[in-house]
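Biologist: I'm new to this one and would like to learn how to read it. Can we go through it together?

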Amino acid sequence: MTILVLGAGGQVGASLRWRALARGQGVVGLNHAELDITDAAIVRRTIADLRPAIVINCAAYTAVDKAEAEPELAMAINGTGAGNVALACGLAAVPLIHLSTDYVFDGTAQGPYGEDAATGPTTVYGRTKLAGEKAVYDAWGKHIILRTAWVFGAMGENFVKTMLRLGASGSTNLKVVDDQVGGPTPADAIADACLDIAAHVARSDIVPWGTYHFAGAPAVTWFGFARAILAHYPDLVIAPCTTDAFPRPARRPANSVLDCTRIRAAFGISQPDWGPYLAQLLRDLGETGSHDGKGVS
Ligand SMILES: NC(=O)c1ccc[n+]([C@@H]2O[C@H](COP(=O)([O-])OP(=O)(O)OC[C@H]3O[C@@H](n4cnc5c(N)ncnc54)[C@H](OP(=O)(O)O)[C@@H]3O)[C@@H](O)[C@H]2O)c1
């Protein structure tokens, strides 16, 4: 069977390609230049021609702050584009895994968000991703919407790389937000979760289609995550600060913690411990520190 990955040049898309190849899994990955999901006709033709066993859509407009100034473009990709993919999958009768985000929630809940919690995005990015979920839901029943959060990996830009740049720049003082909490999620673990779901879909007549949450554990604040990332920069003083002290065009959810019990019950997929993945990424990036992610706030 062949898996088609859209948005294959991004963090999760690139991991998917590598992890699929490592499993000996047939995979075709198309990046933005190779397939633009806003072009409905080309999306339809590509999926009809390739006839993959499943499509995994990682293509998205993910520049959260920039989206506030580009709402039409963000909606064209995250909303209409996601719908184009789902419609094309429906026409070709190909199951779809579509990635989404904690930003569909307003972040004010006291505990972890379950899949059925009320949505209420407060940013352009969140609204467009929610529109994408609805478009997928309306277009094609054989879908899995996988909401994740705080993605990090070897490809692309992410918080880990930003912190490492700051660590290496010789800064001695760093303030990091300590009133937003979430589950850092390795791109490789998301890729493995998608591949496990794809394998389940391939071998089983009964698939619990629908929306699932998948994020790393334990939950931590950005400050706590930064301390884990920069554990081997002893001269760097990292101080906690509030969201208000660090204003951004798009306000971040205070609570991004996703309840991941449903995906475990349905597919046997557990939350990944982000510590060992972070340690591996630091080694891959040539960072010398070795830690297990423990001892963070
Ligand atoms: N990053 C996070 O922290 C995070 C958190 C929660 C959920 N998610 C979700 O997880 C998924 C994967 O995220 P990621 O971190 O892998 O994002 P990413 O690294 O930004 O990758 C997204 C990819 O989509 C491509 N793309 C953009 N517009 C496209 C279009 N019109 N047609 C085809 N491809 C297009 C981008 O290519 P160009 O760069 O060339 O435009 C990029 O390679 C997304 O659905 C995202 O919303 C991410």
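**The ligand and the packed helices**

Modeller: Let's start at the ligand: one of its nitrogen atoms sits 2.8 Å from an N or O atom in the side chain of D36. Keep in mind that this is a predicted model.

Biologist: Which residues come nearest to the ligand?

Modeller: There are 23 residues around the ligand, and the nearest are H32, D36, T62, Y125 and K129. Backbone atoms take part as well: a ligand oxygen is 3.1 Å from a polar backbone atom of G10, and a ligand oxygen is 2.9 Å from one of Q11.

Biologist: Now the helices. How do I read α3 and α4 as a pair?

Modeller: For two packed helices, you give the angle between their axes and the distance between those axes. Here α3 (residues 71-92) and α4 (residues 124-139) have axes that come within 8 Å and cross at roughly 20 degrees. Angles under 35 degrees count as roughly parallel, so α3 is roughly parallel to α4. Their crossing is right-handed.

Biologist: Which residues of α3 and α4 meet?

Modeller: On the α3 side they include P71, M75 and L87, and on the α4 side Y125, R127 and K129 are among them. By class, this contact has 12 nonpolar, five polar and two charged residues.

Biologist: And at what angle do α2 and α3 pack?

Modeller: About 35 degrees, with the axes of α2 (residues 40-50) and α3 9 Å apart. That crossing is right-handed. A40, V43, R44, I47 and A48 of α2 meet α3 residues including N84, V85 and C89. Sorted by class, the α2–α3 contact has nine nonpolar residues, one polar and one charged.

Technical notes. Residues are numbered from 1 along each chain as its sequence is written. This is a predicted model: local features need pLDDT of at least 70, side-chain atom pairs count only at pLDDT 80 or more; totals for chains, interfaces and linings use all residues. Side-chain values use heavy atoms; hydrogens and water are left out. Axes are lines fitted to C-alpha atoms, for helices over the stretch in contact, and angles run from 0 to 180 degrees between N-to-C directions. Helices (H or I, at least four residues) and strands (E, at least two) are DSSP runs, numbered from the N terminus. Angles under 35 degrees count as roughly parallel, over 145 as roughly antiparallel, 65 to 115 as roughly perpendicular and the rest as oblique. A crossing is left-handed if the near helix is turned anticlockwise from the far one by less than a right angle, and right-handed if clockwise. Contact means heavy atoms within 4.5 Å. Ala, Val, Leu, Ile, Met, Phe, Trp, Tyr, Cys and Pro count as nonpolar, Asp, Glu, Lys and Arg as charged, and the others, Gly among them, as polar. A residue is near a molecule or strand if one of its heavy atoms lies within 4 Å of it. A polar contact is a pair of N or O atoms within 3.5 Å; within protein, one must be able to donate a hydrogen and the other to accept it, and residues adjacent in sequence count only if both atoms are side-chain atoms.
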